[in-house]
Amino acid sequence: IALSPASTLHRMLGYLPRSGQFRRHGRNPIDAMVIIVDEASMIDTMLMERLTNAIGPQSRLILLGDCDQLPSVGAGQVYQDLINVFPKATVRLNHSFRMRADDPSGAAILTCARAIKDGVIGGDSLVESATIEKLAWRGVERLDDQCDVSEVYGCWYEKFYEQHARAT
């Protein structure tokens, strides 16, 4: 079995920017046994319609993603709607492999992410207030509401980028 290289949906569907058309569609379907789409929460209604029309009858579509992040820029929340309509066809990952709960910074990020998902925003138990000068740049830190974002970028640049540039 030969695997096709990974690509964007637009490339797989053969998007033609000048005409706005796609090479792959119902009369010219994608020739694949399985199509795996990552970050499916970002697919808008129009692109999902194009994708499902271009899938041949022998193909299986597997959608991966996190319905709690990266919504589509275009109209619709197709991935979330599919999960709501077909809950038995959904598998949820309940353990983060990006952050370690035994690492204080990772635990803080996981706690904050869960709180945001549950609709709890702010709260001193989740985040530590800090000024730009006191930032440790790990875990979760909350800056004063009056903070200028450009100052944060400048501080990050000084602490990380310039140190890395000097070390290499």
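Leu64 sits in the loop between β4 (60–63) and α3. Helices here are DSSP runs of H or I with at least four residues, strands are runs of E with at least two, and both are numbered from the N terminus.

Two notes before moving on. This is a predicted model, in which local features need pLDDT of at least 70, side-chain atom pairs count only at pLDDT 80 or more, and totals for chains, interfaces and linings use all residues. Residues are numbered from 1 along each chain as its sequence is written, and side-chain values use heavy atoms, with hydrogens and water left out.

Areas come from the Shrake-Rupley method with a 1.4 Å probe, and for residues only the protein chains shown count as cover.

**The whole chain**

Zoom out. The protein chain has 5 helices and 6 strands. From the N terminus, their order is α-β-β-β-α-β-α-α-β-β-α. Of the 168 residues, 22% are buried. The chain exposes about 13000 Å², and carbon and sulfur atoms supply 55% of that area.

**The core**

Select Leu13, Ile30, Ile43 and Leu51. Within the largest nonpolar core, of 18 residues, these have the most contacts. Such a core is a set of buried Ala, Val, Leu, Ile, Met, Phe, Trp, Tyr and Cys residues joined through side-chain atoms within 4.5 Å. β3 (34–37), α2 (45–54) and α3 (78–85) each supply at least two residues of this core. α2 gives the most, with 4 residues.

Now centre on Leu51. Beyond its neighbours within four places in sequence, Leu51 is in contact (heavy atoms within 4.5 Å) with Leu9, Met12, Leu13, Ile30, Val37 and Leu61.

Move to α3. Val78, Tyr79, Gln80 and Ile83 are buried there. The buried residues of α3 pack against α2 and β4.

**The aromatic pair**

Next, Tyr15 and Phe22. A search of the whole structure finds 1 aromatic pair. The ring centres of Tyr15 and Phe22 are 5.0 Å apart and the planes stand at 50°, so the pair is tilted. Rings of Phe, Tyr and Trp (its six-membered ring) pair if their centres lie within 6.5 Å; planes under 30 degrees apart are stacked, over 60 edge-to-face, the rest tilted. Tyr15 is partly exposed at 34%, whereas Phe22 is buried at 8%.

Stay on Phe22, in strand β2 (residues 21–22). Leaving aside neighbours within four places in sequence, its contacts are His10, Leu13, Gly14, Tyr15, Met46, Leu47 and Arg50.

**The salt bridge**

Finish at Arg50. Glu49 forms a salt bridge with Arg50, the closest N and O atoms being 3.8 Å apart. The rule asks for a side-chain nitrogen of Lys or Arg within 4 Å of a carboxyl oxygen of Asp or Glu. By this rule, the count is 1. Glu49 is partly exposed at 39% relative accessible area, and Arg50 is partly exposed at 30%.

Definitions and conventions: Buried means under 20% relative accessible area, exposed over 50%, partly exposed in between (1.4 Å probe, protein chains only).
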